[in-house]
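Let's walk through this structure together, one question at a time. Have the chains at hand as you read.

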Amino acid sequence: MIRRLPHVDRVGIEERAATLGKRSIKTSAKEQGIRLAVSMVDLTTLEGSDTPGKVRHLCAKAVCPAPTMPEIPSVAAVCVYPSLVGVAREALDGTGVRAASVSTAFPSGQASLDVKLRDTEDAVAAGAEEIDMVISREAFLAGDDARVMEEIVRVKDVCGDAHLKVILETAELGSYDHVRHASMLAMEAGADFIKTSTGKAASGATPGVTLVMLEAIRDYVERTGRVVGMKAAGGVSTSKAALHRLVLVKETLGDEWLTAERFRIGASSLLNDLLMQYQKTQTGRYARPEDFSKE
Amino acid sequence: MATQEQRTSITWDYAPAPESPEHVRLRDSYGLFIDGSFVDPGDGTRVASVNPATEEPVAEVAFAGPGDVRRAVQAARAAQAGWAALSGLDRGKYLFRVARLIQERARELAVVESMDGGKPIRESRDVDVPLAAAHFFHYAGWADKVSYAMGGRTVEPLGVAAQIVPWNFPLLMAAWKLAPALAAGNTAVLKPAETTPLTALLLAEILQEADLPPGVVSIIPGDGATGSALVREPDIDKVAFTGSTGVGKDIQAALAGRGIPLTLELGGKSANVVFEDAAIDQAVEGIVNGIFFNQGHVCCAGSRLLIQESVAETVVSKLWSRMERLRVGDPLDTNTDVGAINSREQLHRIEALVASGEEEGAVRRTVSCSLPDRGFWFAPTLFTDVAPAHRIAAEEIFGPVVSVLTFRTQAEAIEKANSTPYGLAAGIWTDKGSKAFEVAAALQAGVVWQNTYNHFDPSAAFGGYKESGFGREGGMSGLRPYLRVTR
């Protein structure tokens with residue numbers, strides 16, 4: 001199949017993203033936007049030092065982020081390493097918050113396909129409802145699109161009912177053209193979500209990268225009719241940044257995408273900033289950081 | 001206890017975010033700014049300046065009669081020798097001061113610009129006012145270097161400049177005209193447009209605050225009759241006009257045989273050319289920015305969209321969905337993308353041309369947004385199936401209306417782009433560098449943007465080919481029309 005991939009103009013895309021960053025989100029829009037953002041958070045911990053105890057605490061926070069503000073919804077999911085997804089699933093059982101696991105030799109993806117598939121099978125068997133896989137940047141940068149797609153197809157196969165999010169690790173791809181190209185490959189190969197980054201690279205869901213991926217989704221959905229979601233991860237740590245990403249979604253894909261079913265924000269420190277800013281809209285004062293539990 | 005149900009019920013729209021006009025220090029009534037102070041009109045009148053978004057008067061403004069025009073020209077003549085005798089460095093100091101005062105009062109100027117003209121506050125705040133300040137900064141730097149601009153030759157100012165500016169960028173166009181004229185040692189009589197005189201009058205206050213010597217700049221609002229009297233004044237040395245081609249021709253006729261140099265920046269029907277190898281999504285953004293910026297009240301608006309046939313369907317469909325997301329309404333809301341049409345008269349002109357497009361068989365699509373009950377509004381409109389012979393493909397609409405034509409090859413694109421009596425600006429969208437340069441060189445347009453549109457910078461020359469006028473404004477070349485090279 002010979003298909004022309006549209007180019008991305010760096011200056012143009014960044015200008016558009018910056019313009020949308022100037023939307024004024026005040027009063028009721030700010031309140032609602034923050035609540036919406038909370039409901040889209042994939043609360044994440046991906047450290048070598050993670051333990052079952054830490055993950056249980058995080059799950060409690062995910063289900064009820066702010067006990068004193070009952071209007072704040074639960075987050076969308078908790079995202080952990082495969083070895084801890086069982087703990088998360090148990091802690092989240094019946095709460096509506098989903099257990100997500102990274103896989104495929106996260107974060108570098110430098111392992112054989114067999115290992116990646118086993119990694120994924122393990123996570124699914126332990127109860128993962130969502131799988132965050134990484135693409136093989138090694139294959140992509142070497143120009144081997146077929147292998148990039150093949151891996152996604154095979155991982156999707158072993159996911160079963162689990163939703164598959166495909167991480168492009170955009171900071172390693174080198175250009176917006178590549179980001180768009182990789183987005184298309186992932187969607188063609190069956191991704192349920194495409195995701196910017198692992199959170200381990202130099203940059204993540206910058207406004208420009210987020211917008212390029214949203215535009216790729218728009219074109220793919222328009223062409224195929226299959227709905228694909230987007231996860232912005234990496235560098236979205238303030239309420240302002242989160243609301244800016246929601247503006248990008250709203251004005252690129254429309255209100256239908258403003259739901260946790262179709263848009264997620266992967267984050268660890270963002271949640272408390274959202275809570276702090278939300279409380280400010282209610283009381284007019286900023287709380288102290290220690291007023292909100294770390295996990 | 002938080003629940004999953006709460007998640008599904010959250011809807012999100014931007015709340016109104018109006019910029020407050022409370023900090024604006026507008027007077028109820030403004031006189032004419034002649035010889036350094038605001039004076040009552042001698043033989044003129046007083047007229048209310050109306051907010052086109054509400055049809056409410058904003059302030060009352062004096063319009064100059066022929067006697068007032070003469071007084072202003074006499075004041076400019078009296079001040080000219082002294083102004084020219086100042087060192088360039090000293091003239092520059094005044095211009096720097098004006099630039100800084102514009103920045104200090106930026107918020108106020110932006111709000112008044114939007115109230116008086118209907119343009120979105122986002123644009124007056126981010127484009128009009130900062131650029132106006134930038135023009136004064138730019139020419140402040142030139143003031144002691146004007147002979148370098150002419151290759152080191154000996155130069156002198158022309159004398160008294162009569163300057164007439166349009167209603168689409170009232171403050172910015174005043175800055176474009178005044179800054180180079182003053183830097184070169186001329187004095188000026190500026191006539192703002194009939195419907196948008198207020199920011200020019202705030203600029204007059206700024207000139208007072210900057211201690212500009214009396215008479216160096218006079219600002220006399222008025223209608224076409226005032227402008228006509230100004231260019232017919234015997235004691236002027238230069239005319240600079242920005243506005244419609246029709247009025248430009250009248251002015252040229254009025255100046256015939258008088259040996260007075262003239263700069264004209266007139267209308268346009270600029271081509272925005274999208275090739276199949278363009279970055280399509282960014283091209284769509286550029287098309288939107290090219291035609292809906294300032295409600296299309298832009299002389300260089302990309303109103304003739306030329307799309308390569310192989311991508312025409314894609315581009316039009318993307319453009320249409322992008323247009324449906326434009327936020328049309330209250331110019332003072334910081335989230336508004338498209339504001340009010342400047343005047344009832346302009347609205348009727350747009351409506352008449354759009355009606356002619358439908359009669360001639362082009363297919364019209366207009367965004368179905370809710371428009372306020374009062375004020376002058378026109379929803380963003382797209383015409384497809386446009387033939388080059390249609391009026392909407394040839395005449396300047398000066399509104400939020402874009403006409404789509406297609407082409408097959410590069411040669412055809414160039415031919416179609418050039419087939420117009422105008423030649424102000426053009427846009428080229430392609431990812432191929434060589435093609436961009438080749439096409440740019442072949443286009444008869446004073447400004448050619450590559451992979452962007454409607455970007456302005458004080459260091460870049462701006463002006464037209466053919467019926468779009470002659471002479472250049474901006475940058476080094478913008479000094480030339482205000483200088484006489486003597487040796």
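Some questions and answers on the two chains follow.

This is a predicted model, in which local features need pLDDT of at least 70 and side-chain atom pairs count only at pLDDT 80 or more, while totals for chains, interfaces and linings use all residues. Residues are numbered from 1 along each chain as its sequence is written, and chains are lettered from A and ligands numbered from 1 in the order in which they are written.

Q: Which helix of chain A gives the most to the side that touches chain B?
A: Counting residues as in contact if their C-beta atoms, placed from the backbone, lie within 7 Å, 34 residues of chain A meet 25 residues of chain B. Helices H1 (10-20), H2 (27-39) and H10 (239-252) of chain A each supply at least two residues of that side; helices (H or I, at least four residues) and strands (E, at least two) are DSSP runs, numbered from the N terminus. With eight residues, the top contributor is H2(A).

Q: How far apart are the end C-alpha atoms of H2(A)?
A: The expected span of a helix is 1.5 Å times one less than its number of residues. For the 13 residues of H2(A) that rule gives 18 Å, and the model agrees, with its end C-alpha atoms apart by 19 Å.

Q: What radius of gyration does chain B have?
A: The radius is taken over C-alpha atoms, and the globule rule is 2.2 Å times the number of residues to the power 0.38. For 487 residues, a compact globule would come out near 23 Å. Chain B agrees with this, at 23 Å.

Q: Which strands stand at the edges of the open seven-stranded sheet of chain B?
A: Strands pair if DSSP finds at least two bridges between them. The order in this sheet is E14-E15-E16-E13-E12-E17-E18, with mixed pairing. Two strands of chain B have a single partner strand each, so one side of each is left without a neighbour in the sheet: E14 (363-366) and E18 (447-450).

Q: What angle does the direction of helix H12 of chain B make with that of E13(B)?
A: Axes are lines fitted to C-alpha atoms, for helices over the stretch in contact, and angles run from 0 to 180 degrees between N-to-C directions. Strand E13 (residues 304-308) pairs with E12 (residues 271-274) of chain B in the parallel sense over four bridges. Helix H12 (residues 309-323) packs on the sheet, touching E12, E13, E14, E15 and E16 of chain B, and its angle with E13(B) is about 130 degrees.

Q: Which residue of E8(B) stands opposite Ala161(B)?
A: Strand E7 (residues 160-164) of chain B has five of its five residues buried, so it is largely enclosed by the rest of the structure. Ala161(B) and Gln163(B) lie on one side of E7(B), with Val160(B), Ala162(B) and Ile164(B) on the other. Five bridges join E7(B) to the parallel strand E8 (residues 187-191) of chain B, where the residue opposite Ala161(B) is Ala188(B).

Terms used:
Two residues are in contact if their C-beta atoms, placed from the backbone, lie within 7 Å. A residue is buried if 20 or more other C-beta atoms lie within 10 Å of its own, exposed if 12 or fewer, and partly exposed in between; C-beta atoms are placed from the backbone.
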